[in-house]
Amino acid sequence: MATLAQAAIPEVRSYLDVGRPGILGWITSTDHKRIGVLYLASMMTLFLVAVAIGVLMRIEQLMISKPLFSPETYNAFFTLHGVIMIFLFVLPGLSASFGNFFLPILIGAKDVAFPRLNLTSWYFFITGALLAITALFTGKGFPDTGWTFYVPFSIQTGTNVTLGVFAAFVLGFSSILTGLNFITTVHRLRAPGMGWHRMPLFVWALYATAWIQVLATPILGITFLLVMVERIFGIGIFDPAKGGDPVLYQHLFWMYSHPAVYIMIVPAMGAITEIIPTFAHRTIFGYKAIAYSSLAIAAVGSLVWGHHMFTSGMGDPADVIFSLLTFLVAVPSAIKVFNWTATLYKGSIELRPPMIFALTFIFLFAIGGLTGIIQGALNVNVHLHDTYWIVGHFHYVMFGGTGMGFFAALLYWFPKMFGKKYNEKVATIAWFPIFIGFNMFYATMLVLGYMGMPRRYFTHLPQYHTAHVIASIGAFIMVSGLILLLGNLLVALFKGKRAEQNPWGGVTLEWQIPTPPPLENFEVVPTITTRPYIFNPEVSR
Amino acid sequence: MISATTHTHPAHKDYEGSKIGMWVFLFTEILLFGGLFILYSIYRSEYAADFHTGGQHLNTFIGVANTIILLTSSLSVAIAISAMQRGNRKLSITCLSATIVFGLAFLVDKYIEWSEEIRRGVYPNGPALLKFPDGEKIFYGLYYAMTGLHGLHVLAGITVLTVILVFVMRGKITSTDFNQLENAGLYWHLVDVIWIFLLPMLYLAA
């Protein structure tokens, strides 16, 4: 697909071997690959912390007769779990980690448009994380509001909400700057010959995501600033006692936070789109449909925030319009799912670990998407709002979707990033507990919610106990699989065999440069002459 | 921030890229204020009469004076850029300094204005404001939030312009490499444009 000078560079120094030694070489480097790895490492650490908190909450639900910790602690736990998972893991997600590492490589560039700004974004990210941790141990403890920080409770509670939302505000800067950087990079730094319709689809996904990051995040910024100002000065904008309207907070919050779920899922969809052709050894079906459906998701997804507020009393016309738009946004997502399946048709499918997780993504994301349609219907929503159903639904989308997409991408690109092979058999074995535990856990949550179990309660009524036990056991099985999966990669990082240049037979640009990539990515700037994903040049002209 | 390279001009900075980046950043700033504009429009339709009285109590003289100051400063920063493009470094330095002084004057005005309001007890949770009807409380809440956030942007703009001024004096910005100056100018114009919206929304609401 690209005419690279096949000089067969045997010993080119990789990005891991150049630059300052030690930790300084990482936290001062403006190399997009090192920054991607920085994000990856910090996100994985925080992810594991949030998983541990999730496990503690599941243990609490097992021990309702003799609670492990107080309701207040439980409140702080689900808030912390949500804040870390949302703002520090899935939101930067595949964009900040794999996006940073592979976006320039996939378009044949040496780096992103603003390398120093890129490093600055990571510093904003890590500052936000540190502020969130500070909020945990100072004042009257971590916020107990849930990650949504709804007023009026968030302006009345004595916990450390001000610092908590400030942490999220700082993280917003990180997100915006990464988005701005990616937009400029895609516009300016594509290799000669790489027209818009020759870009790999992961790039399209990152590009669409970058626009949502840039356009939606400022709204969250101002919303959280107003919560802070409200708490410090009492300006009354969201305070009913002073004529303010708390529902407006919900509007502003979801104006950002709904598009934000597409910031989380679209890059994962992009990664899946890279993985499926590679392991089906077949060109992608419906390139343009997939590319433009990313943009369609970005556009329509910005107009559906009201479906989080059907029970807030915002009025019937608004309810109906938002419900209709919610059904509409399922269309571009479905277009992607159908195109992936069509790509598999008559492909020569190889079930290696990245592919297994990619297919898991499709399966779990489909359940997540369909449950989303169900709760998008107005009358059903009244029954399901604020129950475990909602929790089950968004874990299917965010964990079954983004999370599995993240693992698929990690398994796919790990050899390229670190130059090490992992044990594929162990990775495959780890999939079983993850998949079985996942469904035991979250499908049970859907049922619990339908039965009426409200979310965010530290205890439950006796009739829900059996289901809670099943969910908890599922959670433990799933976490054991996660430990196996990530432990396997950690072992490979230190003891893995040297990975070859193209272990999966991929055809995009990252597989045509040495493993791990050299500092400047390309010895010779590639010239692109065809569309991507051509596996058999003779047949697929 | 502006250290981009392209394949076609590997040795040069990518001006177009840095312009794209700057404009996208300005979008985000507008959207940041956009959230406040939305709140303003909703509350104004809800409390039209109270917003009218609220606007009457603001000091229109200072508001308009500040508008003139900011508009003039936009002119001076534009001249600073043009002067630099034509190689007139001295004029550029003068005009940049003038812009910074205008910015400071704006903040001094703001200080005088806010002090007067606070002296009257019209501030969030202030004794006078608490006796006002709900709509006026919201009006003043928005007034402080919007002008406060804008004031912070003026402060940020002054800081940026000061850094740029140092760059110009040290010869880091020249008649062929003035991109940073231009981007700083764009930011300053944005600060100005937002004020142009705040003036009628708050001071001329009566």
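In this predicted model, 30 residues of chain B are in contact with 34 residues of chain A (contact: C-beta atoms, placed from the backbone, within 7 Å). Helix H1 (15-46) and helix H6 (134-169) of chain B each supply at least two residues of the side that touches chain A. Helices (H or I, at least four residues) and strands (E, at least two) are DSSP runs, numbered from the N terminus. H1(B) gives the largest share of this side, 14 residues. By class, the side of chain B that touches chain A holds 16 nonpolar, 10 polar and 4 charged residues. Nonpolar means Ala, Val, Leu, Ile, Met, Phe, Trp, Tyr, Cys and Pro; charged means Asp, Glu, Lys and Arg; the others, Gly among them, are polar.

Residues are numbered from 1 along each chain as its sequence is written, and chains are lettered from A in the order in which they are written. Local features need pLDDT of at least 70 and side-chain atom pairs count only at pLDDT 80 or more, whereas totals for chains, interfaces and linings use all residues.

Chain A contains 16 helices and 2 strands. Its C-alpha atoms fill a box of roughly 70 × 50 × 45 Å, taken along the principal axes. Among contacts in chain A between residues at least 6 apart in sequence, 84% join residues at least 24 apart. Buried residues make up 57% of the 541 residues in chain A (buried: 20 or more other C-beta atoms within 10 Å of the residue's own, with C-beta atoms placed from the backbone).

Methods
Contact = placed C-beta atoms within 7 Å. Buried ≥ 20, exposed ≤ 12 C-beta atoms within 10 Å, placed from the backbone.
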